[in-house]
Each structure stands twice: as structure tokens, then as C-alpha cells.
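Here is a short briefing on one protein chain. Keep the model open while reading.

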Amino acid sequence: MAFDAFALVLAMLALGYLLQRLRVLPADAAQVLNLVVLYVCLPAAVLRYAPRLELAPELLGIVAVPWLLLVATVLLVGTLTRWLGLRRDEHAVLLLTVALGNTSFLGYPLTRALIGEDALPYAVVYDQFGAFLIMSSFGLWVLARYSGDTAPGAREMLLRAARFPPLWALLIALTVMPAAPPSWIAGALQRLSDALLPLAMLTIGLSVKLALPRDELKPLAAGLLLKLAVMPALAWLLVPLLGLHGDMARTTVLEAAMPSMITAAALAIAHNLAPRLAAAMVGYGVLLSLLTLPLWARVAVG
């Protein structure tokens, strides 16, 4: 199953990049597909897997890991900024792209492929209570702090969270959605959630930029090392301390090893924060993660 998933990842990534280069699709095709994934496939995946969650104290350990890694990111990126003499905008991009991983678009289907379907609820917890909330709070603050915009207030952050469809799906899944819904609902959710991987990878292929920023090689190399190696290594050290074992531990480490979040890089580009570096963190991060993720899936055995 893992081999089939990675073959599909490579095929759809290559197809998307080819379509981008040939300019076959409209210029906004990636944005449209991104909305389909966000408003249809991701909520379907959450509704399919989250009802299987058994609320237990151990889940707090999963939630804690991305927030602890955020603290590590701020400290490490700050140290690298001083050591390498990075520009202010490069510092901001690394804060965003190291702290925030692609824990839903890639995280859900690759967790299913590399660990198993029973681990998907743990990926949902990590993504919704970790990456999403970090993007809605810390991410917005970084964008405002380093682009000169007005810093977002608590109301703006809450409104942003309220407009996020997978969050509403999570609330429904944890309250009224049965673990075994009627077959017609289960079948529809399965088909929609199964479309997540190919559509997400096609979207990434249509969006990714592989132009190497020669004057930004140092921050790029440092950022990729932090995102793909240091963060999952720290997660691997944290999970036993937080009482996580088995699939909980493996899923947490694998989610921490995901490459940079596309949305975080896109927002950095939109705010003119080191756009080539932001694009390269996503592009090269996705490609390198195809090598690193299977390794972390093997290492992270609780």
C-alpha cells in the first residue's frame, strides 16, 4: 500500500508540474483544486476517521508535540538567523515553513499508507489542534510582524478559525457523527477522502516552484534540515516522555516530518516575504520528503 501511495504521489506531482510548465490549465487551476481539497476532501476525511477516536489523556500528548516544536523552531531559527546573518524576510519565511508542515494534504494519506488506516484519527488530532491552530495564531502574527501589516487580534483569529471547513467537520465528527454511519454515507465519505491524495499532489505539482534561489542557498539548506530532520528527531525524543506509544507515537513523529505547509509558503509569497525561498522550501521539501518520510516511518516505532 505504501509503494502504491508513493507511486501515485510521484505520478500526480509530475503530472501537475508538467501541466504547469505546458500551461494547459487556467492560471487559477491550482487555487480551484486547493479549494476543492479544503472544502470537500479534507472534511470528508475528518468525518470518516475522527469518529473512531477514543478520547483519552494520551491525546493531549499528540496535541502538545506541535506546540513544543513551535518553541524549538523559534529558538533554532533565531539562532540560525544570527549565525548566518539572515535577512528579516528570510527569518520570517523560516519561522513559517519550519513551524508549519503539510500535515493534512500529505499527512492524512501518507499516514494511512505508511502506518495504517487506524492511525488516521491521530493524524487528524495533530493537524487540527496543532498545525491549523498554529497557522491561525502564530502564523498570522508572523505575517503581520514581518510584513508591516496590523497585528491580528483575538477576534480575527477566531473568525479565521470559524471559516475553516475541516474544523467544523471535526466538531461534527466528535459530537453527532457515529463511528459506523449508514453505508451510503460511509461510501460517499470514503470516495471523497480517497480523492485527497491525488488532488492534493496535483495541486502541489501545479503550484510548486523549483527555481533554485542561489543567493538563498544557506537559509534553504538550513530550513530543509530543520523541517525534515531536526523537527521529527525532536518529536521522536518527545513522544516517550509524553506517554505516547505504538501508532500514536509513530503518527506524531511522521506528522512532524511532513514538508512545509503550502498555505504558509503561499501567504509568505503574497506578503512579499522572500518569495523564492518560500517557494523553494515547499518544492524541494516535497521532493526530499519522499525519501525522508519512509525512513521516519520506520524509525518511529513505539
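**Briefing: a predicted helical chain**

R23 sits in the loop that joins α1 (2–22) to α2 (29–49). The model is predicted. The chain holds 14 helices and zero strands.

**Loop residues with positive phi**

- Most residues other than glycine have a negative phi.
- R23 is not a glycine, yet its phi is positive, near 55°.
- The relative accessible area of R23 is 73%, so R23 is exposed, the cut-off being over 50%.
- A274 also has a positive phi, of about 40°, and is not a glycine.
- The loop between α13 (262–270) and α14 holds A274.
- Is A274 buried or exposed? Its relative accessible area is 2%, so A274 is buried, the cut-off being under 20%.

**Overall fold**

- In sequence order, the pattern reads α-α-α-α-α-α-α-α-α-α-α-α-α-α.
- The C-alpha trace spans about 55 × 50 × 40 Å along its principal axes.
- The radius of gyration is 18 Å. A compact globule of 302 residues would have a value near 19 Å, so the chain agrees with that expectation.
- Of the 302 residues, 54% are buried.
- Take the contacts with a separation of 6 or more: 86% of them are between residues 24 or more positions apart.

**Helix pair α5 and α6**

- The α5 and α6 axes cross at roughly 150° and come within 9 Å.
- The two helices are therefore roughly antiparallel, since the angle is over 145 degrees.
- On the α5 side, the contact uses Y108, T111 and R112. On the α6 side, it uses L120, A123, V124, D127 and Q128.
- By class, this contact has four nonpolar, two polar and two charged residues.
- The crossing of α5 past α6 is right-handed.

**Helix pair α6 and α8**

- α6 (residues 120–147) packs against α8 (residues 165–175) at an angle of about 130°, and the axes are 11 Å apart.
- That angle makes α6 oblique to α8.
- The crossing of α6 past α8 is left-handed.
- Which residues meet here? V124, Q128, F129 and F132 come from α6, and P166, L167 and L170 come from α8.
- Six residues of this contact are nonpolar, one is polar and none is charged.
- V124 and Q128 of α6 meet α8, and V124 and Q128 also take part in the contact with α5.

**Helix pair α9 and α10**

- α9 (residues 183–194) and α10 (residues 196–207) have axes that come within 5 Å and cross at roughly 25°.
- The pair is therefore roughly parallel, with an angle under 35 degrees.
- L192, S193 and D194 of α9 make the contact with L196, L197 and P198 of α10.
- This contact comprises four nonpolar residues, one polar and one charged.

**Helix α12 and its cover**

- How many residues of α12 (residues 246–256) are buried? Nine of its 11 residues are, and the helix is mostly covered.
- The buried residues are M248, A249, R250, T251, T252, V253, L254, E255 and A256.
- The cover over them includes α3 (58–84), α5, α6, α11 (217–241) and α14 (275–299).

**Buried site at T103**

- T103 lies in the loop between α4 (88–99) and α5 (107–114).
- Its relative accessibility is 2%, so T103 counts as buried.
- Beyond four places in sequence, T103 touches Y108, Y126, D127, A131, E255 and M258.
- Among these partners, Y108 and D127 also belong to the contact between α5 and α6. E255 is one of the buried residues of α12.
- T103 and M261 are 158 residues apart along the chain, yet their C-alpha atoms are separated by 7.5 Å.

**Buried site at S289**

- Helix α14 contains S289.
- S289 counts as buried because its relative accessibility is 1%.
- With neighbours within four places in sequence left aside, S289 is in contact with L228, P259 and P294.

Definitions and conventions:
Residues numbered from 1 in each chain as written. Predicted model: local features only at pLDDT ≥ 70, side-chain atom pairs only at ≥ 80, totals over all residues. Heavy atoms only, no water. Axes fitted to C-alpha atoms, helices over the stretch in contact; angles between N-to-C directions. Helix = DSSP H or I, 4+ residues; strand = E, 2+ residues; numbered from the N terminus. Parallel < 35°, antiparallel > 145°, perpendicular 65-115°, else oblique. Left-handed = near helix turned anticlockwise from the far one by under 90°. Contact = heavy atoms within 4.5 Å. Nonpolar A, V, L, I, M, F, W, Y, C, P; charged D, E, K, R; others polar. Rg over C-alpha atoms; globule rule 2.2 N^0.38 Å. Buried < 20%, exposed > 50% of the residue type's maximum accessible area, 1.4 Å probe, protein only.
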